[in-house]
Amino acid sequence: MLSRLVFVTASGLKSSGPLGAGLVHASRSLHTSSQSLAPVPPLPEKGGKVRHGIFPEELFQLLYPKTGVTGPYMLGTGLLVYLLSKEIYVINHETFTAAAIGAVLIYGVKKFGPSVAAFADKLNEEKVAKAQEVKDVAMTNLTQAIENEKKEQWRVEGRGMLFDAKRNNVAMLLETNYRERLQMVTNEVKKRLDYQVALQNLHRQMEKEHMVNWVEKSVVSSITPQQEKESIAKCIADLKALAKTTQAKAAV
Amino acid sequence: MAGRRAALKAVDWVAFAERVPPNQRSMFNNLKTRTDAISAKLASLPEKPPAIDWNHYKTVVAKAGMVDEFEKKFSALKVPEPVDTQTSLIDTQEAEANKSATSYIEESKTRVAQYEKELEKLKNMIPFDQMTIEDLNDAFPETKLDKEKHPYWPHKPIAEL
């Protein structure tokens with residue numbers, strides 16, 4: 001009922017949601033004093049239903065079984081007439097003031113109430129949307145961060161491959177070096193043998209040449225002048241004989 | 001001869017490349033080029049050098065015992081295998097890396113646990129339109145207005161409005 005009094009003054013305005021002060025404090029203080037840790041049930045969106053802006057619906061429902069639909073109206077009329085006739089409520093200038101002000105107020109609320117309420121609701125919506133956005137961004141960031149961490153862990157698992165590659169490199173280098181050494185040894189031995197062979201060949205060649213030169217020289221020097229003359233004469237004689245035979249052949 | 005062919009473990013370069021984080025990519029590329037160069041060099045060398053034709057030399061070289069002597073010495077010669085100094089270093093490096101990797105994974109796991117806890121908290125939060133200001137302050141402590149430091153409304157420096 002305490003909450004209902006708050007809404008009596010806010011006739012026609014929609015409730016501005018649970019972030020409105022009065023309702024919250026009332027329900028909160030109830031809970032904190034009784035020390036119950038159960039989560040608070042969600043607060044109602046709208047206030048209790050009222051008829052004609054003031055009279056709660058529960059009154060009508062209360063009187064319905066006994067007096068039907070018109071009951072509360074009759075009650076109201078009767079009360080009003082009673083107050084006026086017995087002069088419990090005296091009509092004076094303030095009555096008219098109250099009537100005028102009331103009329104203006106009701107006109108104002110009826111005309112501008114919904115738009116003001118919509119504006120207030122929009123403000124609230126914006127706050128909520130902002131908070132929601134912050135929450136969503138936080139959630140996506142967290143999931144992303146978890147993904148990244150998992151990925152990094154997977155990456156770290158591959159570290160063995162690096163060392164395998166390094167060891168492979170080392171083994172390959174060693175193998176290369178060994179092969180090169182073998183190659184070098186073979187080449188050196190071959191070179192030595194080839195050198196010996198080439199040396200031998202050179203020796204033989206030089207001996208051959210020298211011998212040929214020597215033989216030639218000795219032959220040339222052994223030709224005495226007398227032998228030279230004899231051989232030349234013999235050559236001439238042979239040539240003459242040859243010429244004769246060819247002439248004879250040609251004639252035939 | 002037994003230690004020669006220390007088994008070359010097959011390295012799956014594709015899978016390796018996947019696991020390299022982007023900031024270490026250049027180092028990985030360098031390693032790969034080096035490895036490729038080394039393996040190319042290895043492939044270019046024959047496994048055994050061509051055998052020397054001793055008989056030919058025996059017939060050709062005049063000096064009697066020379067070829068035989070060479071042959072004997074050659075077959076008796078054992079080329080020493082190059083000593084492996086680096087593998088132990090690599091093993092120590094690997095041990096160190098394993099250690100740092102395990103510690104990194106531990107830290108990473110704690111971080112993941114922390115993130116998951118916060119994620120759970122965010123997921124289980126009541127929707128904003130059912131929250132009160134006190135609920136909001138509980139869920140997001142940074143929204144709490146410090147009423148001791150700034151006793152007058154709006155309880156925060158004007159600049160932060």
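## A buried glutamine

At 14% relative accessibility, Q196(A) counts as buried, because buried means under 20% relative accessible area. The model is predicted. Q196(A) sits in helix α6 of chain A.

What does Q196(A) touch, apart from its neighbours within four places in sequence? The answer lies in chain B: Q196(A) is in contact with K63(B) and M66(B).

## Where the two chains meet

The contact between the chains draws on both partners. Chain A gives 59 residues, and chain B gives 75 residues. The size of an interface is often given as the accessible area lost when the parts come together. Here, chain A and chain B bury about 6,700 Å² between them. Carbon and sulfur atoms account for 69% of that area.

Some residues stand out on the chain A side. Y178(A), R179(A) and L193(A) supply 10% of the area that chain A buries against chain B.

## Charged and polar links

How many salt bridges run between chain A and chain B? The count is five. K41(B) forms a salt bridge with E180(A). In that pair, the closest N and O atoms are 3.0 Å apart.

Polar contacts also link the chains. Between chain A and chain B, 14 residue pairs are in polar contact, counting pairs with both residues at pLDDT 80 or more.

## The chain A side

Which helices of chain A each supply at least two residues to the side that touches chain B? They are α2 (21–34), α5 (93–157) and α6 (159–222). Helix α6(A) gives the most, with 35 residues. Q196(A) belongs to this helix.

The side of chain A that touches chain B can also be sorted by class. It has 28 nonpolar residues, 13 polar residues and 18 charged residues.

## A look at chain B

Chain B has six helices and zero strands. From the N terminus on, its elements run α-α-α-α-α-α.

Chain B has 161 residues, and 24% of them count as buried. The accessible surface of chain B comes to about 11,900 Å². Carbon and sulfur atoms hold 58% of that surface.

Note on methods. Residues numbered from 1 in each chain as written. Chains lettered and ligands numbered in written order. Predicted model: local features only at pLDDT ≥ 70, side-chain atom pairs only at ≥ 80, totals over all residues. Heavy atoms only, no water. Contact = heavy atoms within 4.5 Å. Buried area = accessible area lost by both parts, 1.4 Å probe. Salt bridge = Lys/Arg side-chain N within 4 Å of Asp/Glu carboxyl O. Polar contact = N/O pair within 3.5 Å; in protein donor to acceptor, adjacent residues only side chain to side chain. Helix = DSSP H or I, 4+ residues; strand = E, 2+ residues; numbered from the N terminus. Nonpolar A, V, L, I, M, F, W, Y, C, P; charged D, E, K, R; others polar. Buried < 20%, exposed > 50% of the residue type's maximum accessible area, 1.4 Å probe, protein only. Areas by Shrake-Rupley, 256 points an atom, 1.4 Å probe, with all protein chains shown as cover.
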